[in-house]
Amino acid sequence: MALALLSTLFLLSRAIDPGEAIPFAEKEIQERLRDQQITAPFFTGSTAQGDELTFYADVLTTPEGKIGANKAENIRVTIKTAQGSTYRLQSGEAEIDLSRNAAQLTNDVIIMTSNGYRMTSDFMTSGLSSLSIDSPGPVYGTTPEGVLEAGSMTVEQSENGGTTQLFFTNRVKLIYKPKPLIE
C-alpha cells in the first residue's frame, strides 16, 4: 500500500516551472538584487549606562553606495533603563547612520513610556549607543494628567546615569483631566 502511494506521488506529479513558483513580482526581485536587504532583522544589546535595547524591523536595506548607513521599514524599539523605566518607539521608516551614531525616524513616529506617556510626531532623532531622543518639531499625545501638545520634545538621561526625563518646550499646552475621586 505504501509503495503504491509513493509511486503515484512521483509518477503522477507534474513539473513546476521555477519562474511561476517564486511568489515575487519582477520589481521586488530587481529591488532585492540592487540593494542589500535583511528581512525581519532583530538586534539586542545594552548601552554603557546599562540600558537594555531591543530593535525589530520588517526590512533593513543598505542603500547603494552608502557604507555605514541603513534604511529600516516598520521599526519597533524597546529601551529598558537601568532605573526600571521602559520606552517604546515605533516608526514607519528610519535612516540609521552608524558614523554619526544616530537614527532619524519618520512616518508616524510614536513614543510610549511605562509611566503613561504616548506621544506622536512626524520626525524624531535617536542616539544609537545612549538614551537620547529628540523631536525638534511638534509632538501630540496623552499623559497620565491629560492631553499634551508641545513644539518640541527631548528625552535625556542625566550624565551620571541617573533618571531619564522628558522635556517639553516651545508652546507647551496641557489639557488637564483629573482622575475621578473614589469614595
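A residue counts as exposed when its relative accessible area is over 50%, and as buried when that area is under 20%. The legends below describe a predicted model.

**View 1. R171 in the loop between β13 and β14 (173-176).** R171 has a relative accessibility of 79%, so this residue counts as exposed. The phi angle of R171 is near 60°, a positive value in a residue other than glycine.

**View 2. A40 in the loop between β1 (36-39) and β2 (42-46).** A40 is not a glycine, yet its phi is positive, at about 55°. With a relative accessible area of 54%, A40 is exposed.

**View 3. The largest nonpolar core, with 27 residues.** The residues with the most contacts inside this core are A72, I75, I111, M124, M153, V155 and F168. Elements that give two or more residues to the core include β3 (52-56), β5 (69-80), β6 (86-97) and β7 (102-113). Others among them are β8 (118-127), β11 (146-150), β12 (152-157) and β13 (164-169). In soluble globular proteins, nonpolar side chains tend to be buried together.

**View 4. The contacts of I75.** Leaving aside neighbours within four places in sequence, I75 is in contact with F55, Y56 and A57, and also with L89, Q90, S91, A94 and L105.

**View 5. I110 in strand β7.** The relative accessibility of I110 is 11%, so I110 counts as buried. When residues up to four places away in sequence are not counted, I110 touches R88, L89, Q90, R118, M119 and T120. I110 and Y140 are 30 residues apart in sequence, and their C-alpha atoms are 9.6 Å apart in space.

Notes: Residues numbered from 1 in each chain as written. Predicted model: local features only at pLDDT ≥ 70, side-chain atom pairs only at ≥ 80, totals over all residues. Heavy atoms only, no water. Core = buried A, V, L, I, M, F, W, Y, C linked by side-chain atoms within 4.5 Å. Buried < 20%, exposed > 50% of the residue type's maximum accessible area, 1.4 Å probe, protein only. Helix = DSSP H or I, 4+ residues; strand = E, 2+ residues; numbered from the N terminus. Contact = heavy atoms within 4.5 Å.
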